[in-house]
Amino acid sequence: MNGLIRLEVLRVLRNRKFLFFSVIYPSVLFLLIAGTADPAATLGGTGLTLPAYMMVSMASFGALTAVLMGNSERIAKERENGWVRQLRLTPLPGRGYVLAKTAGAAVGALPAIVLVFVVAAVVKDVRLDAWQWLALTAAIWAGSLVFAALGVAIGYAATGDAVRPVTMIVYFGLSLLGGLWMPTTTFPRWLQDLAAWLPTHAYAALGRAIEQQHAPGVRDVAVLLVFLVLFTGCAARLYRKDTSQA
């Protein structure tokens with residue numbers, strides 16, 4: 001299992017296109033959105049400047065890209081080309097395959113988070129205490145497991161041809177409606193109410209609570225835990241179904 005994990009990590013690091021979209025793309029979006037923002041002006045009701053607010057959004061977006069896009073497409077294509085079936089002939093347990101995919105995606109998520117933080121600090125002069133930087137990194141990285149489970153579920157639910165459009169719809173829908181591209185305060189009231197129950201909204205809210213030096217909201221933590229259980233349960237069920245049909 002350790003050998004497969006190392007292989008998956010190396011595959012992620014060698015995939016330049018994947019690294020661009022998961023690591024560099026979020027930082028570019030951050031600069032486009034917050035590049036001309038007044039560093040002293042705060043967003044109403046948050047006490048955060050736009051750069052600080054969008055820093056968490058884009059770091060979360062980068063982690064989401066790495067674990068969701070990476071897992072779903074690779075798993076679906078490997079099921080289709082027979083690689084997963086070949087692995088079942090080895091002593092590797094099924095959980096080892098899923099763990100290797102999650103580990104590889106997590107490796108791609110961490111540099112995406114860190115690069116957004118570096119760009120925000122250097123270009124837009126975002127300043128936090130040392131413990132906040134560490135807590136933000138840990139919270140966003142750990143929270144990405146929710147979407148890693150979703151990526152596994154999509155990878156087992158969709159075919160190789162359908163996985164990309166399905167993943168893109170989920171990916172852009174969660175990013176946009178969850179407020180990762182723009183503050184949800186710009187949404188109509190009914191859409192704000194809907195967004196508050198999405199995992200992406202709760203995910204970014206964890207980071208903003210750390211920036212504001214507050215404890216995470218109980219509802220946000222509960223939403224993430226519920227979706228983690230839901231996505232993990234779906235992934236396990238689809239994996240068992242795929243195994244029984246092999």
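This is a predicted model: local features need pLDDT of at least 70, side-chain atom pairs count only at pLDDT 80 or more; totals for chains, interfaces and linings use all residues.
The backbone oxygen of L68 sits 2.9 Å from a polar atom in the side chain of S72. S72 belongs to helix α3, which runs over residues 50–80. Is S72 buried or exposed? Its relative accessibility is 0%, so S72 counts as buried, the cut-off for that being under 20%.

The side chain of S72 also reaches across to another part of the chain: it makes a polar contact with the side chain of T167, at 3.0 Å. If we set aside the neighbours within four places in sequence, S72 is in contact with G151, I154, G155, V163 and T167.

Let us follow T167 into its own helix. T167 is one of the buried residues of α8, together with V163, Y171, L174 and S175. These residues cover an arc of only 100° around the axis, which means that they lie on the same side of α8. What covers them? The cover over the buried residues of α8 includes α3, α7 and α10. Just after α8, G179 takes a positive phi of about 85°.

Now step back to the nonpolar residues. In soluble globular proteins, nonpolar side chains tend to be buried together. Here the largest nonpolar core has 50 residues, and those with the most contacts inside it include F30, M55, F117 and I140. Among the helices that each supply at least two residues of this core are α2, α5, α8 and α11. Which helix gives the largest share? It is α3, with 15 residues. To see one member up close, look at F117: not counting residues up to four places away in sequence, F117 touches M55, A59, W133, L136, T137 and I140. Apart from this core lies another, of 6 residues, among them I75, A153, A235 and Y239.

Finally, look at the aromatic rings. The model has 8 aromatic pairs. In one of them, the rings of F227 and F231 have centres 5.4 Å apart and planes at 45°, so this pair is tilted. Both residues are buried, and both lie in helix α11, 4 residues apart, or about one turn of the helix. Elsewhere, ring pairs link Y25, F61, Y171, F172 and W181 into a cluster.

Conventions: Residues are numbered from 1 along each chain as its sequence is written. Side-chain values use heavy atoms; hydrogens and water are left out. Buried means under 20% relative accessible area, exposed over 50%, partly exposed in between (1.4 Å probe, protein chains only). A polar contact is a pair of N or O atoms within 3.5 Å; within protein, one must be able to donate a hydrogen and the other to accept it, and residues adjacent in sequence count only if both atoms are side-chain atoms. Contact means heavy atoms within 4.5 Å. A nonpolar core is a set of buried Ala, Val, Leu, Ile, Met, Phe, Trp, Tyr and Cys residues joined through side-chain atoms within 4.5 Å. The arc is that of the directions from the helix axis to the C-beta atoms. Rings of Phe, Tyr and Trp (its six-membered ring) pair if their centres lie within 6.5 Å; planes under 30 degrees apart count as stacked, over 60 as edge-to-face and the rest as tilted.
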